[in-house]
Amino acid sequence: MRHTRTVLSAALGIGLVAALGAGPANAATVNSPTVAPASSPTGHAAYAGSSEDAKATKAFFDAVLKSVAEKRAANPGAQAVTVVYSTSNAPSFRSQIAQSTSIWNSSVSNVKLQEGSGADFSYREGNDPRGSYASTDGHGRGYIFLDYRQNQQYNSTRVTAHETGHVLGLPDHYSGPCSELMSGGGPGTSCQNATPDANERARVNQLWANGLAAAIASVS
């Protein structure tokens, strides 16, 4: 990624972006891509990570955390930590986004994802040879980009839930098994699992139970 990233100073250091692949995905799983990628001779967008990707994903998570922390500081009596998102720029993926956020909301207890105004981050859609990823717009606003072709090649709900895992602070772990959501495309296109495993659920709960307090202190 070549545009400038703004790395915000939240307390948690998380890394690695999911780089994946491009033509609209209207179902949870689409097996026949209609657009061939210009730079993928194998026909499958690869999952890969780099130090630049890591910086982009950390900037994304920091931006989300800072936005949530500012709201919490303004309303310290709120009972739950809620992360608000917008799907206005990803209309083709509303179903997958709803499924993935429902999966996460039923999997963890210390943070909830909710669609609404005043979003902490947004979803976007389009074509990108890098595939799907989490990043910032250079102005401290986080977004998840969902690539059409990747979502045709891989289970689209898994792709969306995986990227949403970055919202909650999880890094990529491509060498993991299909049962591990953050293994992304590592297990191959046959992997249909869109649910985080026990370790991933525990890690998210830990991050949002302990890390948010420090983040709130930094903006108070």
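What follows is a chat about this predicted model, from confidence through strands to the core and the disulfide.

Trainee: What are the ground rules for the numbers here?
Mentor: This is a predicted model, so to speak of local features takes a pLDDT of at least 70 and side-chain atom pairs count only at pLDDT 80 or more, while totals for chains, interfaces and linings use all residues. Residues are numbered from 1 along each chain as its sequence is written, and side-chain values use heavy atoms, with hydrogens and water left out.

Trainee: What does the protein average in pLDDT?
Mentor: The average is 77, and 69% of the residues score at least 70. pLDDT is the predictor's confidence in each residue, from 0 to 100.

Trainee: Where does pLDDT stay under 50?
Mentor: Over residues 1-46, for which the model has 157 contacts beyond four places in sequence. Contact means heavy atoms within 4.5 Å. Where pLDDT is low, the predicted coordinates should not be read in detail.

Trainee: And which helix has the highest confidence, and which the lowest?
Mentor: Helix H2 (residues 94-107) is highest at 98, and helix H5 (residues 198-219) is lowest at a mean of 77.

Trainee: How many helices and strands does the protein have?
Mentor: Five helices and five strands. Both are DSSP runs numbered from the N terminus: helices are H or I with at least four residues, strands are E with at least two. From the N terminus on, the order is α-β-α-β-β-β-β-α-α-α.

Trainee: Which way do S1 and S2 run, parallel or antiparallel?
Mentor: Strand S1 (residues 82-89) and strand S2 (residues 112-115) run parallel, joined by four bridges. Two strands pair if DSSP finds at least two bridges between them. Tyr85 stands opposite Glu115 in S2. The chain goes from S1 through H2 to S2, and this β-α-β crossover is right-handed. That term applies if, with the strands pointing away from the viewer, the path from the first strand over the helix to the second runs clockwise.

Trainee: How many bridges join S1 to S3?
Mentor: Three, and the two strands run parallel. Ser86 is opposite Ser122 in S3.

Trainee: What about S5, which way does it run against S3 and S4?
Mentor: Strand S3 (residues 121-126) is parallel to S5, with six bridges. Strand S4 (residues 133-136) is antiparallel to S5, with four bridges. For Tyr123, the bridge partner in S5 is Ile144, and for Gly126 the partner there is Asp147. Ser135 has Tyr143 of S5 as its bridge partner.

Trainee: What sits between S4 and S5 in the hairpin?
Mentor: Five residues lie between the strands, and Gly138 takes a positive phi near 85° in this hairpin.

Trainee: Is S5 buried or exposed?
Mentor: Six of the six residues in strand S5 (residues 142-147) are buried. Buried means under 20% relative accessible area, exposed over 50%, and partly exposed in between (1.4 Å probe, protein chains only). Gly142, Ile144 and Leu146 are on one side, with Tyr143, Phe145 and Asp147 on the other, and both faces are covered. In S3, five of the six residues are buried. Of the 220 residues of the protein, 53% count as buried.

Trainee: Which residues touch the most other members in the largest nonpolar core?
Mentor: Val83, Trp104, Phe121, Val167 and Trp208, out of 30 residues. H1 gives the most to this core, with five residues. A nonpolar core is a set of buried Ala, Val, Leu, Ile, Met, Phe, Trp, Tyr and Cys residues joined through side-chain atoms within 4.5 Å.

Trainee: What is Trp208 in contact with?
Mentor: Leaving aside neighbours within four places in sequence, the contacts of Trp208 include Phe61, Leu65, Val68, Val83, Asn110 and Val167.

Trainee: Changing topic, which cysteines does the disulfide join?
Mentor: Cys178 and Cys191, with S to S at 2.0 Å. Both are in the loop between H4 (156-167) and H5, 13 residues apart. A disulfide here is a pair of cysteine sulfur atoms within 2.5 Å. The link is right-handed, with 85° about the S-S bond.

Trainee: Are those two buried or exposed?
Mentor: Cys178 is partly exposed at 26% relative accessible area, whereas Cys191 is buried at 5%.
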